[in-house]
Amino acid sequence: WTDRIGPVAALKTLEIMEKTKSWEKITEIGKKIVKKWKFLGEKYDLPMEIYGIPALSNFTLISKNNLAYKTFITQKMIESNILSNNIIYSSVAHSNKILNYYFKTLEPIFQKITDFENGEDVKKYIKGPVIVKNFRNIV
């Protein structure tokens with residue numbers, strides 16, 4: 001390969017990862033997130049399924065409105081300057097301060113979803129279309 005920057009950067013990254021054991025930190029962060037998701041689901045009586053490995057976890061709220069809820073979560077998180085929905089890519093950059101802000105923002109969203117499950121119309125709170133389940137050609 002004539003460009004040496006890529007391989008040198010990759011080798012340095014692996015060296016730093018070995019030194020810091022970043023995969024262990026990422027796994028612990030992911031486990032904290034999953035534990036808190038479970039806690040919020042139980043607290044607000046929202047059945048959910050959680051998938052993935054700690055470094056890349058996601059949840060689905062078990063409801064006929066799950067895609068509307070995913071849309072609602074995404075919109076509310078973006079309003080709080082968090083680009084997130086029901087999936088998280090754990091990172092060594094996710095400090096306790098960041099995770100606390102994430103969950104401080106997510107908890108009232110779960111609380112509102114409880115209202116939706118009790119009859120309030122989620123679609124009144126969604127700006128734009130509800131996300132679709134799979135990629136599709138819309139042309």
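**Close-up views of a predicted model**

**View 1. A salt bridge joins glutamate 107 and lysine 43**. The side chains of these two residues, glutamate 107 and lysine 43, meet with N and O at 2.6 Å, where a salt bridge is a side-chain nitrogen of Lys or Arg within 4 Å of a carboxyl oxygen of Asp or Glu. The pair links distant parts of the chain, since glutamate 107 belongs to helix H4 and lysine 43 to helix H2, 64 residues apart; helices (H or I, at least four residues) and strands (E, at least two) are DSSP runs, numbered from the N terminus. Lysine 43 has a relative accessible area of 47% and is therefore partly exposed, in a scheme where buried means under 20% relative accessible area, exposed over 50% and partly exposed in between (1.4 Å probe, protein chains only). The structure shown is a predicted model, in which local features need pLDDT of at least 70 and side-chain atom pairs count only at pLDDT 80 or more, while totals for chains, interfaces and linings use all residues. Residues are numbered from 1 along each chain as its sequence is written, and side-chain values use heavy atoms, with hydrogens and water left out.

**View 2. Helices H2 and H4 cross at roughly 20°**. Two packed helices are described by the angle between their axes and the distance between the axes. Helix H2 covers residues 22-43 and helix H4 covers residues 96-117, and their axes come within 11 Å; axes are lines fitted to C-alpha atoms, for helices over the stretch in contact, and angles run from 0 to 180 degrees between N-to-C directions. H2 and H4 are therefore roughly parallel to each other, given that angles under 35 degrees count as roughly parallel, over 145 as roughly antiparallel, 65 to 115 as roughly perpendicular and the rest as oblique. The crossing of H2 past H4 is right-handed, meaning that the near helix is turned clockwise from the far one by less than a right angle. Isoleucine 33 lies in H2, and with a relative accessible area of 1% isoleucine 33 is buried. Between isoleucine 33 and glycine 128, which are 95 residues apart in sequence, the C-alpha to C-alpha distance is 29 Å.

View 3. A search of the whole structure finds eight salt bridges. Salt bridges that share partners join Lys76, Glu79 and Lys127 into one network.

**View 4. Leu11, Leu14, Met17 and Trp23 make a nonpolar surface patch**. The patch has an area of about 400 Å², with accessible areas taken from the Shrake-Rupley method with a 1.4 Å probe and, for residues, only the protein chains shown counting as cover. Patches are made of residues with over 30% relative accessible area and no salt bridge, like charges being joined within 9 Å and nonpolar side chains (Val, Leu, Ile, Met, Phe, Trp, Tyr) within 5 Å. Helix H1 (residues 5-20) gives the most to the nonpolar patch, with three residues. Methionine 17 lies in H1 and is partly exposed, with a relative accessible area of 30%.

**View 5. Lysine 21 and aspartate 45 each have a positive phi**. Most residues other than glycine have a negative phi. For lysine 21, in the loop between H1 and H2, phi is near 55°, and this residue counts as partly exposed at 30% relative accessibility. Aspartate 45, in the loop between H2 and strand E1 (48-53), has a phi of about 55° although it is not a glycine, and at 66% relative accessibility aspartate 45 counts as exposed.

**View 6. Glycine 52 lies in strand E1 and leucine 61 in strand E2**.
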